[in-house]
Amino acid sequence: MDIQEKLGILSGAARYDASCASSGCGREGTAIRVGNTSQGGICHSWSDDGRCISLLKVLLSNDCRYDCAYCVNRSSNPVPRASFTAREVVDLTMEFYRRNYIEGLFLSSAVMKGPDQTMEDMVRVAEILRNEERFGGYIHLKVIPGSSPELVRRAGLAADRISVNIELPSAESLHRLAPQKRKESILEPMKLIGTEIGSSLVERTLSRKAPKFAPAGQSTQMIIGASPETDLQILRLSQGLYRKMNLKRVYYSAFVPVNDDNRLPVLATPPLLREHRLYQADWLLRFYGFSAEEILSDDAPDLDESFDPKTAWALRHPGFFPVEVNRADYNTLLRVPGIGPISAKRIVAARRFSVITPEGMKKIGVVMKRAKYFITCSGRSFEKPDREPARLRQRLLLGDGGEPAEQPRQLVLPGLLV
Amino acid sequence: MSAIAAIIAAEPESEGSVLSIRQDTLFEEGLFIRTDPIAAEALFARIKQRAPDVVYTIWYFMMAETEGLETSLLRYVALALVHGDRINGHLTHDDVKAVVSVARKAGREAHRMKGLLRFEQLRDGTWLARMEPDNNVIQPLAKHFSRRLRDQKWFILDVGRRSAAHWDGHELRFGTLEQFERPDLSDEEQQVQAMWRTFFSTIAIPERRNPRLQKSNMPAKYWKYLTEKQGE
């Protein structure tokens, strides 16, 4: 099989991995012959599904011994199988990098003979890139559940980011749909990675020469809509992963039915809107100071389809508003629909010079279409205080002229921002 | 910049001054200011000391080659000398807002081109990248690639502006060129390009096809030199 054919099979098999981030660390140095990483990450192209391409995302092999219900590469599927040699992946990465197609490599794999043998082969690719090619670009390695701690450590030393897929939002679903994977074999490497990242950071404060362990941090991914968990359960899980395991990112991947299996739901289309709402809620957890319990409750455990989760929160908390933009602190400004971290920072910076007027809010870049119902400028409100929630909901949905406002349906995988 | 230096030297507040490309009218006579590189350098040094971030804002503002905002730039510089870097937060001020927005736009394109630029290998082993950006972003781009593709010898061409950057492995040089024809590509180049196109088409999830989103992230004006978009 020639390399072009292999690439077709092994990139096609890797496309369901959601992560494409290439941000999070800066790597420079004289031991490096080619390549560096950029703090903010760089997108190099956008594929026909509109997702950004930043890394050469491939599997080392799709020849899997496991038979997970949701996975296109499962052993019982009659798909063409292929495996790269380490050298083939290294050469592809270097050739693509030299032409500026990519920021680096994202290598994952099906489980071939066993977790350790597979992980060893993957780590070797990264080590050849670093030691022989002296490659300074970005490397993301997937950790195979059940790999030995020693291999996890080697992976963390060679890669910028490492990730273990949590796969499904609960242990029961994992047991039902991926019976050969155990919860412990996923959580143990996650914990180990968290500990190693922590101790590497400590060592580096003592000596700048101490090795970096996964300097761009740890991420994970789960499939949404293949199992019965509520959005609240999912957000609680993510919250725990951020708070207790120190993860940088949790990725949500709308379930795409690729197999016929009676354990799986039958869907006409992937639940893209739900995935989008989960990403918005995830943003609230990481950048807006919200907790999962503020966003959802046991009485209403799923995200609203019509409103983004922040607007939904604002509608449930009329007593919090209106917020006075000339006085409110940063964290309060962040709770206003239409004001994000950038606008909130700009508001705080601008009011050191002068009082902010309604025109000033527009210049700063606040989305007034949403914000105007929730703020005052020096006591002046923009809209008649419309405290009746039902009417406010209506106006937010339909816009001012009674015309339906444009739905915020940007179904993007926000990959760049960590 | 030297015109701004002269005005600020004469009138530090410069509230009432207006700066534009010379155009005498019947009723007003402008003051003609000779280009004076030394005065411009001195002003830059002053800004650099007082407001280092503002130097970047001005640099990116210049890349946009926007006409008609000379007076805004003058007032922005005068304010920066008073307030320092904090001035970039004074977005409710019309002139600050105008200058910062233009600079931001150029900065965004410079960042975008860091991803979208494509190098091709020529017969003699050197690398060539062509582009036609809206803003004159060749300087920050060349700097970026001199750190990244540091063991390759390459050229970056801004086809529209006929300007070029050259990295020989050690030093970065800028110049202009009158005529240009792309030399032959190396034998290997075609094969690697074909592999990139294979990757590009198979990495998309068919069930999530979304050409509108693709275009809004990657406007069609950039496709001309994209390896993966040839023939579209």
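Colleague: Is A:Arg98 buried or exposed?
Modeller: This is a predicted model, and the relative accessible area of A:Arg98 in it is 17%. The cut-off for burial is under 20%. Because 17% falls within that limit, A:Arg98 is buried.

Colleague: With which residue does A:Arg98 form a salt bridge?
Modeller: The closest N and O atoms of the pair are 3.0 Å apart, and a salt bridge requires them within 4 Å. The pair crosses between chains, from helix α2 (residues 86–98) of chain A to the loop between α6 (138–148) and β3 (154–158) of chain B.

Colleague: How many residues apart are A:Asp304 and A:Arg393, which form a salt bridge?
Modeller: Their closest N and O atoms are 3.5 Å apart. The pair links distant parts of the chain, with A:Asp304 in the loop between α9 (292–295) and α10 (309–316) of chain A and A:Arg393 in helix α15 (residues 389–398) of chain A. A:Asp304 is partly exposed at 24% relative accessible area, and A:Arg393 is partly exposed at 35%. The separation in the chain is 89 residues.

Colleague: A:Asp308 forms a salt bridge with A:Arg370; what is the relative accessibility of A:Asp308?
Modeller: The closest N and O atoms of this pair are 3.8 Å apart. A:Asp308 lies in the loop between α9 and α10 of chain A, and A:Arg370 in helix α14 (residues 368–371) of chain A, 62 residues apart. A:Arg370 is partly exposed, at 29%. A:Asp308 counts as buried, with a relative accessibility of 11%.

Colleague: How many salt bridges are there over all chains?
Modeller: Some are linked in a network, which joins A:Arg87, A:Asp91, A:Glu132 and A:Glu133. Over all chains, the count of salt bridges comes to 40.

Colleague: Which residues of chain B does A:Phe96 touch, not counting residues up to four places away in sequence?
Modeller: Within chain A it touches A:Leu7, A:Leu56, A:Tyr101 and A:Ile102. In chain B, A:Phe96 touches B:Val192, B:Met195, B:Trp196 and B:Phe199.

Methods
Residues numbered from 1 in each chain as written. Chains lettered and ligands numbered in written order. Predicted model: local features only at pLDDT ≥ 70, side-chain atom pairs only at ≥ 80, totals over all residues. Heavy atoms only, no water. Contact = heavy atoms within 4.5 Å. Salt bridge = Lys/Arg side-chain N within 4 Å of Asp/Glu carboxyl O. Helix = DSSP H or I, 4+ residues; strand = E, 2+ residues; numbered from the N terminus. Buried < 20%, exposed > 50% of the residue type's maximum accessible area, 1.4 Å probe, protein only.
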